Amino acid sequence: MSSFGRRVDRFERSVIAILMAAMTITSFTQVIARYVFNTGWLGALDFARILFAWLILFGMAYGAKIGSHLAVDTLVRALPRHLFKAFAIFGALCGIVYAAIFFWADWLQFVGIDAKGGAFPYWLRTFETGIGLTEIRYPEWAQEMFDLPARVHRWIAYLILPLGLFLFGFRCLQALIEIVQGKREMITTAIETTELMDQHSDPDHESYAAAQEHASEAPHWYDDNNSTDRR
């Protein structure tokens, strides 16, 4: 990975970590404020919900980048190599089409499908109207200093809708190119069930030894030497 790619990767990881930390801190402090000090922030729930949406949509794109989305690939891996690659390409294409439809569905009219709307037109509408969120407000000092309205603009919170879908489609396109070039098997590469089964059945893996040790420490409720006939 190039130095630029490493910087981008660190940036994406940092954004995800910040979103998770902000969501956790907001929820924790709100609980303490409400049940200990009998106070709280009215916009805490909406703010945590928005952070969660950012985390999901941003994480969805990052998951496609590193191949952490789960997959059930037992059937496709049983196919011949060329068919397996064809299904892998089809899966990446499905991700691109999914992102394109939800980003801006008007393009479907060119293929005879009567559809319109999408994340980008919706976000653009909130930007043009300038409406604000219901509970989340700018601080009073920011309102006075920058001449801002009382409520935070809705387009700021909803920016992740077009941005997240664009990033997801871009990562799916990257995965498609890597699959065609033979640098990647599938857009989804984290097969946890298969990996866990292989680990627990491999005598050389540490999880196998741990499982055997756990089994040896389990109580033996049936002793062949001291058993009695219960018939």
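The protein chain of this predicted model comes out at 10 helices and 2 strands, taken as DSSP runs (helices H or I, at least four residues; strands E, at least two) and numbered from the N terminus. Read from that end, the order is α-α-α-α-α-β-α-β-α-α-α-α. Residue numbers start from 1 along each chain as its sequence is written. Local features need pLDDT of at least 70, side-chain atom pairs count only at pLDDT 80 or more, totals for chains, interfaces and linings use all residues, and side-chain values use heavy atoms, with hydrogens and water left out.

Of its 231 residues, 28% are buried, meaning under 20% relative accessible area (1.4 Å probe, protein chains only). As for contacts (heavy atoms within 4.5 Å), 60% of those with a separation of 6 or more link residues 24 or more positions apart.

Now for the nonpolar cores, i.e. sets of buried Ala, Val, Leu, Ile, Met, Phe, Trp, Tyr and Cys residues joined through side-chain atoms within 4.5 Å. The largest one has 20 residues, and I16, L55, F58, M60 and F168 touch the most other members. At least two residues of this core come from each of α1 (3–35), α2 (44–66) and α8 (160–180), with α2 giving the largest share, 8 residues. Leaving aside residues up to four places away in sequence, F168 touches M60, A61, A64, H69, G95, Y98 and A99. Another core, of 7 residues, lies apart from the largest one and includes F84, A88, A92 and L176.

Notes:
Buried means under 20% relative accessible area, exposed over 50%, partly exposed in between (1.4 Å probe, protein chains only).
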